[in-house]
Amino acid sequence: MTELALSFEITDKGSVSALLLRPAGARLLYVLGHGAGAGMRHRFMDSVATHLFHQGIATFRYQFPYMEAGRRSPDSPSVLAATVRAAVAAAHDAAQDLPILAGGKSLGGRISSHVVASDAPVVIKGLIFLGYPLHAPRKPNVKRSEHLSSIRVPMLFLQGTRDDLADLELFEPIINQLGPIATLHKVQGGDHSFNVLKRSGRNEHEVMQELAEAISTWTRRALS
């Protein structure tokens, strides 16, 4: 299992790093943005890529410019969106034979959804969210969901039931309103990073395996 280190250019922002992990016989490529506080090499991102590799799914992880530069504060929304578009284009260039889905962890997924809602690159066939940040911690509201109704590709939301950035009592009605285009997979006991309590009887590997299998099953249906 060998990752290919790449880079790509963002207009007026220079280049950022990316990692392509492609299994033999890959059936799709997931363009995977990182969360606000950790980059593409974070343990969670590594684990997602590894588990999806064993499901026959390639991943293209990438850095946002602020993370590449070692800064804490995320870039402006316009720069974040430009990065997603550039990442999708770079991923398509690197694996032109594979269908592309986009999304990612928290911030990476949310920004990808705005890109698709406003001006979706035609190569994006679906969106996968690993902990969609519906609101600020313990401050429930639904403002971050208003654009989702403009999206026309299938969406998979993987959400922990203890996620303090996504009150499921607010989120489930939103998913229902979106209709068949949206699917919610709940990870019992998972927080925003899908960590579960010891008393759950499950370990990190089992949770990550659940995420990977849910993505694999959903993509077979969504891309059929």
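This is a predicted model: local features need pLDDT of at least 70, side-chain atom pairs count only at pLDDT 80 or more; totals for chains, interfaces and linings use all residues.
Residues are numbered from 1 along each chain as its sequence is written, and side-chain values use heavy atoms, with hydrogens and water left out.

The protein has six helices and eight strands, where helices (H or I, at least four residues) and strands (E, at least two) are DSSP runs numbered from the N terminus. Read from the N terminus on, these elements follow the order β-β-β-α-β-α-α-β-α-β-β-α-β-α. The radius of gyration, which is taken over C-alpha atoms, is 16 Å for the protein and is close to the 17 Å that the globule rule gives for 224 residues, so the protein is as compact as a globular protein of that length; the globule rule itself is 2.2 Å times the number of residues to the power 0.38. Along its principal axes, the C-alpha trace spans about 40 × 35 × 35 Å. Of the 224 residues, 50% count as buried, a class that means under 20% relative accessible area, while exposed means over 50% and partly exposed lies in between (1.4 Å probe, protein chains only). Among contacts (heavy atoms within 4.5 Å) between residues at least 6 apart in sequence, 73% join residues at least 24 apart.

When neighbours within four places in sequence are left aside, Arg72 is in contact with Ala36 and Tyr66, and its C-alpha atom is separated by 27 Å from that of Glu204, a residue 132 places away along the chain. Thr83, by contrast, is found in helix H3 (residues 77–94) and is buried, with a relative accessible area of 0%. Not counting residues up to four places away in sequence, Thr83 touches Phe8, Ile10, Tyr62, Gln63, Phe64 and Pro65. Ala102, found in strand E5 (residues 100–105), also counts as buried, at 1% relative accessibility. With neighbours within four places in sequence left aside, the contacts of Ala102 are Tyr30, Val31, Val88, Ile124, Gly126, Leu127 and Ile128, and the C-alpha atoms of Ala102 and Leu29, 73 residues apart along the chain, are separated by 8.4 Å.

A search of the whole structure finds eight salt bridges, a salt bridge being a side-chain nitrogen of Lys or Arg within 4 Å of a carboxyl oxygen of Asp or Glu. One of them joins the side chains of Glu3 and Arg61 (2.0 Å, N to O). Glu3 lies in the segment before strand E1 (4–10) and Arg61 in strand E4 (residues 57–62), so this pair ties together parts that are 58 residues apart in sequence. Glu3 is partly exposed, with a relative accessible area of 33%, whereas Arg61 is buried, at 1%. Together with Asp46, Glu3 and Arg61 are linked in a network of salt bridges. A further salt bridge is formed between the side chains of Asp164 and Arg138 (2.7 Å, N to O). Asp164 lies in the loop between strand E7 (155–160) and helix H5 (168–178), and Arg138 in the loop between strand E6 (124–130) and E7, so the pair ties together parts that are 26 residues apart in sequence. Asp164 counts as partly exposed at 29% relative accessibility, and Arg138 as exposed at 66%. The side chains of Glu210 and Arg202 likewise meet in a salt bridge (2.5 Å, N to O); Glu210 is buried, with a relative accessible area of 19%, and Arg202 is partly exposed, with 27%.
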